Amino acid sequence: LIVVRGVTSPFYLGNAGLMKRVAVAAFALAAYGFVAPSFDAVAAGRTGKLAIHVNSADKKVMGMALNNAENVMKYYKDKGDKAIVRVVAYGPGLKMLLKGMSPVEKRIEKMSLESSDISFAACGNTHRKMTKKTGKKLVILDEAKMVTAGVVELMELQMSGYSYLRP
């Protein structure tokens, strides 16, 4: 018996053990003619939903988040399907959605004009704290919507079926 996180289990073998059990199960299913459909087949006719989390003021992270959004949207479009992407920025990442401060402001404007399937959420908690700290009025981009809390927005999106990505 092995105790993991307070639970006694005769089956827990760590990640390696899990992979072995998955491989055995896949082999057994294949032996009986059960073959899982490819991801492409599963995705056909469906709408992909992705929540992208940005909490870094690093221009490279912001650029990667936008690259990921574009790549996902292109993938689904090429398949004849649709992807809905929501970029949620909070903490230092809020800089991504602030007028005059965002290093990716023009790119966000362009992406928003090209597709209504991408949206941007700015954390109200972070905005309020940053405004108080700087003593300046911080204005979010026209393409962004202020939400009460970025973390809660990410939770709500995941509960409504969005996949989560943090670049």
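Student: How many bridges join strand β5 to strand β6, and in which sense do the strands run?

Tutor: Strands of a sheet pair through backbone hydrogen bonds, either parallel or antiparallel. Here strand β5 (residues 118–123) and strand β6 (residues 144–147) are joined by four bridges and run parallel. Two strands are taken as paired if DSSP finds at least two bridges between them. Strands (E, at least two residues) and helices (H or I, at least four) are DSSP runs, numbered from the N terminus. The model is predicted: local features need pLDDT of at least 70, side-chain atom pairs count only at pLDDT 80 or more, and totals for chains, interfaces and linings use all residues. Residues are numbered from 1 along each chain as its sequence is written, and side-chain values use heavy atoms, with hydrogens and water left out.

Student: Which residue of β6 is the bridge partner of F120?

Tutor: A144 in β6 is the partner of F120. F120 is also the bridge partner, in β5, of V87. Strand β4 (residues 82–89) and β5 are joined by five bridges, and they too run parallel.

Student: What is the order of the strands in the open sheet?

Tutor: The order is β6-β5-β4-β3-β7, five strands with parallel pairing. The strands at the edges are β6 and β7 (163–165), each of which pairs on one side only. On average, neighbouring strands of this sheet are turned by 25° against each other, direction ignored. At the β7 end, three bridges pair β3 with β7 in the parallel sense, and L50 stands opposite S163 in β7.

Student: What pattern does the protein follow along the sequence?

Tutor: Read in that way, the pattern is β-β-α-α-β-α-β-α-β-α-β-α-β. That comes to six helices and seven strands.

Student: Which elements make a β-α-β unit with β5, and of which hand?

Tutor: To judge the hand, view with the strands pointing away from you: a crossover is right-handed if the path from the first strand over the helix to the second runs clockwise. β4, α4 and β5 make a right-handed unit of this kind. β5, helix α5 (residues 124–134) and β6 make a right-handed β-α-β unit as well.

Student: At what angle do the axes of α3 and α4 cross?

Tutor: An axis is a line fitted to C-alpha atoms, for helices over the stretch in contact, and angles run from 0 to 180 degrees between N-to-C directions. The axes of helix α3 (residues 59–78) and α4 cross at roughly 15° and come within 11 Å. This makes α3 roughly parallel to α4; the term covers angles under 35 degrees, with over 145 roughly antiparallel, 65 to 115 roughly perpendicular and the rest oblique. The crossing of α3 and α4 is left-handed, a term for a near helix turned anticlockwise from the far one by less than a right angle (clockwise is right-handed).

Student: Why is β5 largely enclosed by the rest of the structure?

Tutor: Buried means under 20% relative accessible area, exposed over 50%, and partly exposed in between (1.4 Å probe, protein chains only). Five of the six residues of β5 are buried, so β5 is largely enclosed. In the protein of 167 residues, 34% are buried.

Student: With which side chain does H53 make a polar contact of 3.0 Å?

Tutor: A polar contact is a pair of N or O atoms within 3.5 Å; within protein, one must be able to donate a hydrogen and the other to accept it, and residues adjacent in sequence count only if both atoms are side-chain atoms. At 3.0 Å, the partner is the side chain of Y90. The H53 side chain also makes a polar contact with the side chain of Y164, at 2.5 Å. H53 sits in strand β3 (residues 47–54) and is buried, at 6% relative accessible area.

Student: What does the side chain of S115 reach?

Tutor: The S115 side chain reaches the backbone nitrogen of D117 at 3.0 Å. S115 lies in the loop between α4 (105–114) and β5, and at 16% relative accessibility S115 counts as buried.
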